[in-house]
Amino acid sequence: MNLSNIIEYKNYLAELVLDTEDNIIVGHVINTADTISFHGKTVREAKAAFHDVLDTYLAACKEEGIEPSLP
(Lines give C-alpha, C1' and ligand atoms only; values in the text may rest on other atoms or scores of the structure.)
Protein backbone atom coordinates (compact mmCIF):
# COMPACT_ATOMS: atom_id res chain seq x y z
CA MET A 1 0.00 0.00 0.00
CA ASN A 2 1.40 3.39 -1.03
CA LEU A 3 0.29 6.28 1.16
CA SER A 4 2.27 9.02 -0.58
CA ASN A 5 0.16 11.90 -1.83
CA ILE A 6 2.87 13.14 -4.22
CA ILE A 7 2.83 12.09 -7.88
CA GLU A 8 5.36 12.85 -10.63
CA TYR A 9 5.11 13.44 -14.37
CA LYS A 10 7.81 14.90 -16.64
CA ASN A 11 9.83 15.95 -13.55
CA TYR A 12 6.90 17.97 -12.18
CA LEU A 13 5.53 17.00 -8.77
CA ALA A 14 1.93 17.34 -7.68
CA GLU A 15 0.33 16.92 -4.29
CA LEU A 16 -3.05 15.21 -4.09
CA VAL A 17 -5.54 16.21 -1.40
CA LEU A 18 -8.90 14.63 -0.65
CA ASP A 19 -11.75 17.15 -0.72
CA THR A 20 -14.42 15.48 1.42
CA GLU A 21 -16.92 18.27 0.84
CA ASP A 22 -16.97 17.82 -2.94
CA ASN A 23 -15.91 14.13 -2.89
CA ILE A 24 -13.02 14.71 -5.28
CA ILE A 25 -9.24 14.52 -5.26
CA VAL A 26 -7.65 17.91 -5.87
CA GLY A 27 -4.09 18.24 -7.11
CA HIS A 28 -1.63 21.12 -7.28
CA VAL A 29 1.76 21.14 -8.97
CA ILE A 30 4.18 22.01 -6.19
CA ASN A 31 7.54 22.52 -7.90
CA THR A 32 6.76 25.34 -10.31
CA ALA A 33 6.23 29.08 -9.90
CA ASP A 34 3.06 28.87 -12.03
CA THR A 35 -0.27 27.81 -10.57
CA ILE A 36 -1.30 24.48 -12.06
CA SER A 37 -4.17 22.55 -10.52
CA PHE A 38 -6.49 19.71 -11.46
CA HIS A 39 -8.96 17.25 -9.95
CA GLY A 40 -10.60 13.86 -10.40
CA LYS A 41 -13.14 11.63 -8.71
CA THR A 42 -10.60 8.80 -8.36
CA VAL A 43 -6.83 8.59 -8.10
CA ARG A 44 -6.74 7.31 -11.68
CA GLU A 45 -8.80 10.29 -12.87
CA ALA A 46 -6.64 12.72 -10.90
CA LYS A 47 -3.45 11.26 -12.41
CA ALA A 48 -4.93 11.48 -15.91
CA ALA A 49 -6.00 15.09 -15.25
CA PHE A 50 -2.46 15.89 -14.03
CA HIS A 51 -0.97 14.50 -17.24
CA ASP A 52 -3.52 16.36 -19.38
CA VAL A 53 -3.12 19.72 -17.63
CA LEU A 54 0.67 19.52 -17.65
CA ASP A 55 0.79 18.53 -21.34
CA THR A 56 -1.57 21.43 -22.12
CA TYR A 57 0.55 23.84 -20.04
CA LEU A 58 3.78 22.79 -21.77
CA ALA A 59 2.16 22.97 -25.23
CA ALA A 60 0.74 26.45 -24.50
CA CYS A 61 4.17 27.67 -23.34
CA LYS A 62 5.77 26.32 -26.52
CA GLU A 63 3.07 27.83 -28.73
CA GLU A 64 3.40 31.25 -27.03
CA GLY A 65 7.20 31.13 -27.08
CA ILE A 66 7.26 31.29 -23.25
CA GLU A 67 9.76 29.34 -21.18
CA PRO A 68 7.78 27.04 -18.85
CA SER A 69 8.45 27.31 -15.15
CA LEU A 70 10.80 24.38 -14.68
CA PRO A 71 10.88 22.14 -11.67
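The accessible surface of the protein chain in this predicted model comes to about 5,100 Å², and carbon and sulfur atoms account for 52% of that area. Of the 71 residues in the chain, 30% are buried, and the C-alpha atoms fill a box of roughly 40 × 20 × 20 Å when the box is taken along the principal axes.

The secondary structure consists of 1 helix and 4 strands, and, read from the N terminus on, these elements follow the order β-β-β-β-α. Among the contacts in the chain with a separation of 6 or more, 30% are made by residues 24 or more positions apart.

The helix, α1, runs over residues 43-64, and its 22 residues reach 31 Å from the first C-alpha to the last, which is close to the 32 Å expected at 1.5 Å a residue. Within α1, the buried residues are Ala-46, Ala-49, Phe-50, Leu-54, Tyr-57 and Cys-61. These residues lie on the same side of α1, because together they cover an arc of only 125 degrees around the axis. What the buried residues of α1 pack against is the set of strands β1 (6-9), β2 (12-19), β3 (24-29) and β4 (37-40). On the other side of the helix, Arg-44, Thr-56, Lys-62 and Glu-63 are exposed. Just after α1 comes Gly-65, whose phi is positive, at about 70 degrees.

Side chains of opposite charge can pair when their charged atoms come close. The structure holds 1 salt bridge, formed between Asp-55 and Lys-10, with the closest N and O atoms 2.8 Å apart. Because Asp-55 lies in helix α1 while Lys-10 lies in the loop between β1 and β2, the pair ties together parts that are 45 residues apart in sequence. Asp-55 has a relative accessible area of 28% and is therefore partly exposed, and Lys-10, at 44% relative accessibility, likewise counts as partly exposed.

Most residues other than glycine have a negative phi. Lys-10, however, has a phi near 55 degrees, a positive value in a residue other than glycine, and its place is in the loop between β1 and β2. Asn-23 is another residue other than glycine with a positive phi, again near 55 degrees, and its place is in the loop between β2 and β3. Asn-23 counts as exposed, at 59% relative accessibility, whereas Lys-10 is partly exposed, with a relative accessible area of 44%.

The surface also carries a nonpolar patch of about 210 Å², made by Ile-6, Leu-13 and Ile-30. Of these residues, Ile-30 lies in the loop between β3 and β4, and with a relative accessibility of 45% Ile-30 counts as partly exposed.

Taken together, helix α1 can be followed from one side to the other: its buried residues pack against β1, β2, β3 and β4, its other side carries exposed residues including Arg-44 and Glu-63, and Asp-55 joins it by a salt bridge to Lys-10, in the loop between β1 and β2.

Technical notes
Residues numbered from 1 in each chain as written. Predicted model: local features only at pLDDT ≥ 70, side-chain atom pairs only at ≥ 80, totals over all residues. Heavy atoms only, no water. Helix = DSSP H or I, 4+ residues; strand = E, 2+ residues; numbered from the N terminus. Expected span 1.5 Å × (residues − 1). Buried < 20%, exposed > 50% of the residue type's maximum accessible area, 1.4 Å probe, protein only. Arc of directions from axis to C-beta. Contact = heavy atoms within 4.5 Å. Salt bridge = Lys/Arg side-chain N within 4 Å of Asp/Glu carboxyl O. Patch = residues over 30% accessible without salt bridge, like charges linked within 9 Å, V, L, I, M, F, W, Y side chains within 5 Å. Areas by Shrake-Rupley, 256 points an atom, 1.4 Å probe, with all protein chains shown as cover.
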